[in-house]
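Here's a walk through the model, from a single residue up to the contacts between chains. Have the viewer open and follow along.

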Amino acid sequence: MGRLKAITIKEFWALLRDPKGRMALFIPPLMQMFLFSFAATLEVRNVDIGLLDMSQGAYSQELVEQLSGSSNFRQIEVFHSPAELQQAIEQQQVIAAIVIEQDFDRRLTAGRPADIGVVLDGRRSNAAQIVAGYIMRIASGIGADVRSLDPPETVRVINWFNPNLTYVWYNLPSLIVMLGAITSIAVTSQSVSREREIGSFDQLMVSPLRVHEILLGKMLPPLGVSLFNGLLFWVAAQVIFGVPFTGSFPLFFAALLLYNVALIGVGMFISSLSQTQQQAFLGSFLVSVPIIMLSGFSSPVENMPEWFQLIDHVNPAMYFLPVSQGIFLKAMPASAVFDWMWPVAIIALVTLSAAAWLFRARME
Amino acid sequence: MKGELTRFEPRRLAALIRKESVQILRDPSTLLIAFVLPMLLLAIFGFGISLDANSIRVGLVVQDDSAQATSLAQALRSSPFLDVEEDRTVPALRAKVVADDLRALVVIPQDFGASFDRGRPIPIQVAADGSQPNTANFVAAYVEGVYGSWAQQQGLVPRGAQVGVNTRFWWNPELKSRFFLIPGSIAIVMTMIGTLLTALVVAREWERGTLEAMMATPIGMGEFIASKLIPYFVLGLGSMALCTVLGVAVFGVPLRGSVLALLAISAAFLIPALGLGLFISAATKNQFMASQFALLSGFLPSFLLSGFIFEIGSMPKPIQMVTYLVPARYLIPSLQTVFVAGDSWGLFARDIGMMLLFGAIFFFLAFRATKRSLD
Amino acid sequence: MAAIPAGDPVARATGVVKRFGALTALDGVDIEILPGRITGLVGPDAAGKTTLIRILAGLMSANEGELRVLGGAPGEDLEDLGYMPQRFGLYEDLSVIQNLNLYADLRGLPTPDKRATFDRLLAFTDLASFEDRPAGKLSGGMKQKLGLACALVKTPRLLLLDEPGVGVDPISRRELWAMVKELTGEGIGVLWSTAYLDEAEKCDAVCLLNDGKLLYSGDPAGLTERMEGRVYLARSDQVDRRPLLRSLLDNDAVLDATIQGSTIRLLSAGGERPQIDGVSLTPVPPKLEDGFIEILGGGPKGTSALAEAYTTFERSGQPAIEAVGLTKRYGDFTAANQISFTARPGQIFGLLGPNGAGKSTTFKMLCGLATPTEGQCAVAGHDLKHSGAAARQSLGYMAQKFSLYGDLSVRQNLDFFAGAYGLAGGAARAAIDKVVDIFELGEKVKVNAGQLPLGYKQRLALACAVMHEPPVLFLDEPTSGVDPVMRREFWVHINGLVARGVCVLVTTHFMEEAEYCDDILLIYRSEQIATGSPDDLKRQAAEAAGLDDPTMEDAFIALIEASHIDTRNPRKAA
């Protein structure tokens with residue numbers, strides 16, 4: 001017990017007193033918080049669109065006004081020829097262009113249906129789809145006055161848990177997941193390789209410290225740092241970004257702990273494998289990127305091909321992401337949390353045992 | 001040192017380049033970044049990430065037994081975009097939304113069928129899981145779409161003076177997100193090689209003391225920088241070529257533009273990427289710091305602030321300003337164009353110009369920081 | 001390039017001052033390097049040697065002082081400069097020949113001359129059969145020779161060598177010296193920096209640096225002469241050599257004393273011959289180190305406060321370290337073969353051998369860092385395989401290079417090692433207070449260990465190793481690069497501990513450290529080739545090579561060469 005305490009304290013100081021290490025501990029998370037909360041949005045706003053109006057009537061005028069009034073569009077460029085339109089899309093000056101044919105006004109005035117054409121930039125298919133949706137919604141309101149009555153409401157949409165679909169409510173709970181994947185792995189992966197590099201590894205190995213004491217001592221401080229970062233973001237999400245926290249904190253903490261333990265096992269595995277800090281860094285990078293990208297944050301897991309989803313079953317972030325979002329916004333109950341998190345417990349067990357095995361195997 | 005940069009002798013340069021090439025071939029971490037990382041990223045972006053329309057799991061509660069309700073429910077079930085799970089009551093399904101098993105709930109209310117007969121149809125309800133805003137938006141749009149086409153089929157909506165919208169997605173009518181994700185991941189790969197790898201190898205020379213021995217030979221610092229630049233430039237292009245071949249052959253991304261344009265764009269991007277890498281290594285002289293800085297100034301901005309996945313226009317103004325300083329921001333549109341759309345030299349010229357400008361700035365900084373001195 | 005008249009210095013510096021922030025690394029140093037001569041730049045680590053060499057090579061600029069190198073400012077004429085930095089500047093991924101080729105191209109060696117030059121250099125450095133081996137896979141001595149070859153691809157007029165002898169065994173060191181000596185015949189001016197004073201003694205001129213200050217400059221004999229008549233070998237019939245050393249160091253008439261075989265070599269404080277009861281003195285010729293010690297103010301006192309406060313261990317009973325048939329194989333390669341020996345409590349046991357001979361492997365097996373393929377070893381009666389933790393609990397370990405935690409403060413390092421060895425609460429506090437007091441670390445407890453001066457690092461490393469008062473101490477080249485006074489202080493502690501019954505195992509390339517040993521095991525090419533006390537080994541060497549009164553280094557080399565003859569066709573097999 002005394003030995004474990006000694007090495008834990010030492011590792012803790014080693015993390016905090018090395019100025020380089022300190023930088024790796026706190027600057028990347030802050031950068032990520034800043035960038036992710038503001039920049040990582042799949043919303044599409046402030047886009048420029050084009051208009052080629054060959055009708056020039058009252059209804060097309062109304063459409064243009066409606067479009068300019070929408071907060072989703074920043075600017076409407078008016079083109080005078082199809083060639084201009086083509087060039088503007090090609091050069092990505094606009095993402096979409098509306099083409100209003102000559103007979104548009106005539107048909108509407110006559111009470112007949114009329115179509116507008118929308119040309120969209122397929123290179124950015126995701127944003128283009130969303131823009132198409134905006135345009136459709138506005139277009140369907142045009143000419144309402146020609147019809148006798150307002151179109152009846154057909155689908156009433158409400159959004160549970162996040163009524164206004166505030167994006168940051170999605171980003172910050174997810175950020176806690178990604179942050180863990182970066183910090184826990186990166187920090188733990190340095191621990192053994194750093195000692196190998198500065199030459200103190202031998203010193204450690206000739207001391208009476210048992211292997212499990214060394215491993216625990218090396219994993220507890222990174223775990224502490226990761227939990228600290230996680231909780232810091234938990235507070236920041238509520239205080240700075242106004243994200244509601246509706247669930248149970250003990251439940252959230254337990255899931256966060258389990259998740260970070262699994263990641264620290266991964267980090268320790270990389271660390272035991274690496275001879276230099278360089279290799280440890282590259283290793284943790286190569287592992288963190290897929291963990292984050294395949295967590296379901298950038299795109300839903302069910303969109304992946306099935307065999308890829310199968311591979312993703314070993315990804316702890318895939319399980320913790322819905323839990324973090326769920327406990328924050330949806331007051332996810334313990335039973336659901338358990339259903340998500342038990343595979344993480346298995347992953348943690350596997351990564352920790354693998355790390356311990358590799359550490360022993362590579363002691364010489 | 002006078003004549004530091006102008007001192008150039010082909011033989012010395014050739015010797016240094018030869019040395020660098022041998023090192024590249026013998027260093028596993030170099031090969032890891034140049035060849036394993038591209039394949040990993042392509043696999044992730046080709047298979048793992050898809051922003052395409054796909055079936056979304058929704059719960060359906062039909063509270064009405066009318067013919068209309070039954071046929072609408074059938075329409076929802078048969079939609080390729082929805083994967084429907086049914087129950088008689090809302091609470092059971094709501095629990096599944098909370099547990100993240102379902103993304104939304106659709107309720108066809110009581111009296112739905114009868115309301116049509118009264119000529120004033122009541123709306124169906126969609127309760128989407130707002131914790132995932134993007135999916136919530138998609139669900140709402142899909143259900144609205146299903147409803148619309150169902151209503152038309154049933155002849156329930158008079159097609160009067162209504163505005164229809166015909167959309168045409170140029171170059172990518174099937175809306176495959178791979179078409180922009182694969183070119184984007186090429187940008188990430190070139191950033192990693194140009195910035196991270198270059199920063200690491202130069203920092204390693206400082207750390208291991210080999211640069212000290214170099215500096216005591218008659219080489220000029222210009223020769224030294226060129227000897228780092230050329231091999232990694234070639235490596236970057238090689239890795240780009242690998243990605244292109246895989247992207248086209250495995251992931252079915254078209255290459256509609258010319259190879260010349262692809263080369264020109266990639267080459268132009270490697271200049272600022274390498275320049276940044278050299279600058280970082282000269283400023284830090286330490287592999288650990290270099291890797292951290294390369295990640296923060298190379299990888300993260302290229303990923304988040306280049307318009308690769310996240311729309312720049314939707315970001316707050318100050319961040320939008322920052323994106324203008326990210327060279328990858330100029331690479332992404334050109335790369336997407338050369339792959340998906342074809343040659344558009346007007347666009348390429350603008351982007352290449354910007355990339356070269358940043359290249360010049362980074363190289364200026366790198367030269368200033370790389371001194372023949374250990375002070 | 002200005003012509004320099006023959007005999008004029010190839011490099012001259014006067015009043016060189018170099019500051020790094022608040023630290024003054026060089027404080028008004030003068031040096032002159034003449035063609036055809038080896039000028040020694042001598043001093044302990046952190047004395048300013050590397051800084052001065054870098055300034056001469058044009059890699060750093062001096063804050064003050066006048067410098068003229070090869071007829072111009074430093075760094076102007078790089079064509080005629082050969083420079084070998086401390087880590088040799090080799091590319092480890094590149095093969096021997098690729099490294100040579102690179103430097104040949106960089107230094108502009110005409111291509112037609114290449115092959116002939118390489119052949120000459122490879123023959124000269126004995127590396128011909130390793131042409132295609134990556135530099136990273138060469139032994140320390142081979143790397144050093146390759147480093148030198150790279151600096152010589154185009155014959156320079158000035159050759160700057162930064163500690164070429166560090167971490168290298170005496171044989172390689174001697175071979176390197178011979179090579180450089182040969183070069184001076186061609187009129188090259190050589191600057192050879194070293195922390196070993198015996199190496200410096202052979203130079204044509206020396207500059208003695210300590211703490212950035214020039215202590216002496218000129219002919220080494222000039223410094224030695226001053227000590228003439230003040231150095232004696234002391235012998236006593238009544239007292240053993242270690243207690244004798246202690247009493248001599250405590251004697252005011254004695255400025256300095258070191259163990260040499262079964263005798264003590266002493267430097268008297270004044271001009272007269274000291275009168276000490278029961279001790280017979282034989283005058284011997286002085287060495288450069290005697291001069292250096294005098295300038296530094298003499299050796300330490302002979303009583304170790306550490307030993308005074310240490311547990312006393314039984315000298316009889318079980319052996320402190322016992323190795324039986326230790327063998328380590330890596331695949332086909334046998335790194336150590338059938339090593340057997342016993343070290344008793346109260347004994348200093350030395351493990352010697354050239355680089356790559358299997359000495360480190362044996363050392364690692366003994367302290368549990370490597371598992372033997374065959375054989376057993378036990379420390380303080382605990383078998384390393386079956387009760388490893390108990391064995392590790394009873395040993396203290398001090399690594400070759402400073403390997404404590406540089407970012408942790410002195411106190412945090414002590415806390416950690418106390419805890420790691422199972423000391424807790426009051427016992428830990430008491431142990432820490434004790435070593436802080438003994439090693440005078442009081443003012444430094446809050447300083448980061450990495451920022452300590454070298455001498456303090458040394459003390460801290462020893463403190464961490466002995467806090468739990470182990471009966472066995474493992475030392476891996478414990479005093480390399482440390483100034484001679486610090487080195488003596490260190491050995492005073494070790495001698496004191498041995499008197500308390502502690503067993504000390506030491507590996508070293510440093511022959512002065514070998515002299516302190518009671519028993520030495522010489523390992524060469526994975527085999528143990530000789531055992532015995534230093535005097536025994538000298539005697540064996542004298543017989544084998546017909547030497548008269550050999551030094552420890554002579555003995556080392558002679559014994560290894562003798563085993564060459566036994567086993568035929570030596571170095572190619574390595």
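In which helix is the place of C:Ile55? It sits in helix 1 of chain C, which covers residues 49–56. Keep in mind throughout that this is a predicted model.

## A residue to start with

Let's stay with C:Ile55 for a moment. Is C:Ile55 buried or exposed? It has 27 other C-beta atoms within 10 Å, and 20 or more is the cut-off for calling a residue buried, so C:Ile55 counts as buried.

Who's around it? Leaving out residues up to four places away in sequence, C:Ile55 touches C:Val16, C:Lys18, C:Met60, C:Ala62, C:Leu67 and C:Pro74. Take C:Leu67 from that list: it is 12 residues from C:Ile55 along the chain, and the two C-alpha atoms are separated by 8.9 Å.

## The six-stranded sheet in chain C

Further along chain C, 6 strands make up an open sheet with mixed pairing, in the order 19-20-21-16-22-23. Strand 19 (395–398) and strand 23 (527–532) are the edge strands; each has a single partner, so one side of each has no neighbour in the sheet. From one strand to the next, the twist averages 15°.

Helix 15 of chain C (residues 454–466) lies across strand 19 and strand 20 (472–476), running at about 160° to strand 19. Helix 18 of chain C (residues 534–545) lies across strand 22 and strand 23, and its angle to strand 23 is about 110°.

## Strand 10 and its partners

Chain C has another bit of strand pairing worth a stop. Strand 10 (residues 231–235) pairs with strand 12 (residues 263–268) in the antiparallel sense, over 4 bridges. The bridge partner of C:Ala234 in strand 12 is C:Ile264.

Strand 10 of chain C also pairs with strand 13 (residues 280–283), again antiparallel and over 4 bridges. In this pairing C:Tyr232 stands opposite C:Pro283 in strand 13.

## Domains in chains A and B

Over to the other two chains. Chain A is split into domain 1 (47–141) and domain 2 (163–361), and 46 Å separate their centres, taken over C-alpha atoms. In chain B, domain 1 comes in two stretches, 10–49 and 175–369, while domain 2 covers 56–153. The centres of those chain B domains are separated by 48 Å, also taken over C-alpha atoms.

## A helix pair in chain A

Helix 7 (residues 167–198) and helix 13 (residues 316–330) of chain A pack at an angle of about 140°, and their axes are 9 Å apart. Helix 7 passes helix 13 in a right-handed crossing.

Which residues meet there? Helix 7 of chain A brings A:Trp169, A:Tyr170, A:Pro173, A:Ser174, A:Ile176, A:Val177 and A:Ala181. Helix 13 of chain A answers with A:Ala317, A:Phe320, A:Leu321, A:Ser324, A:Gln325, A:Phe328 and A:Leu329. By class, this contact of helix 7 with helix 13 has 11 nonpolar residues, 3 polar and no charged.

## Where chain A meets chain B

The contact between these chains takes 90 residues from chain A and 87 from chain B. On the chain A side, helix 6 (residues 125–141) gives the most, with 11 residues. That side of chain A divides into 51 nonpolar, 24 polar and 15 charged residues.

To find your way in, look for A:Val118, which stands opposite B:Thr167 in strand 5 of chain B.

## Where chain A meets chain C

Here 23 residues of chain A are in contact with 26 residues of chain C. Helix 1 (2–17) and helix 8 (200–205) of chain A each supply at least two residues of the chain A side. Helix 1 of chain A gives the most, with 10 residues. By class, the side of chain A that touches chain C has 10 nonpolar, 5 polar and 8 charged residues.

Note on methods
Residues are numbered from 1 along each chain as its sequence is written. Chains are lettered from A and ligands numbered from 1 in the order in which they are written. This is a predicted model: local features need pLDDT of at least 70, side-chain atom pairs count only at pLDDT 80 or more; totals for chains, interfaces and linings use all residues. Domain bounds come from an automatic or database domain assignment. Two strands pair if DSSP finds at least two bridges between them. Axes are lines fitted to C-alpha atoms, for helices over the stretch in contact, and angles run from 0 to 180 degrees between N-to-C directions. Two residues are in contact if their C-beta atoms, placed from the backbone, lie within 7 Å. A residue is buried if 20 or more other C-beta atoms lie within 10 Å of its own, exposed if 12 or fewer, and partly exposed in between; C-beta atoms are placed from the backbone. A crossing is left-handed if the near helix is turned anticlockwise from the far one by less than a right angle, and right-handed if clockwise. Ala, Val, Leu, Ile, Met, Phe, Trp, Tyr, Cys and Pro count as nonpolar, Asp, Glu, Lys and Arg as charged, and the others, Gly among them, as polar.
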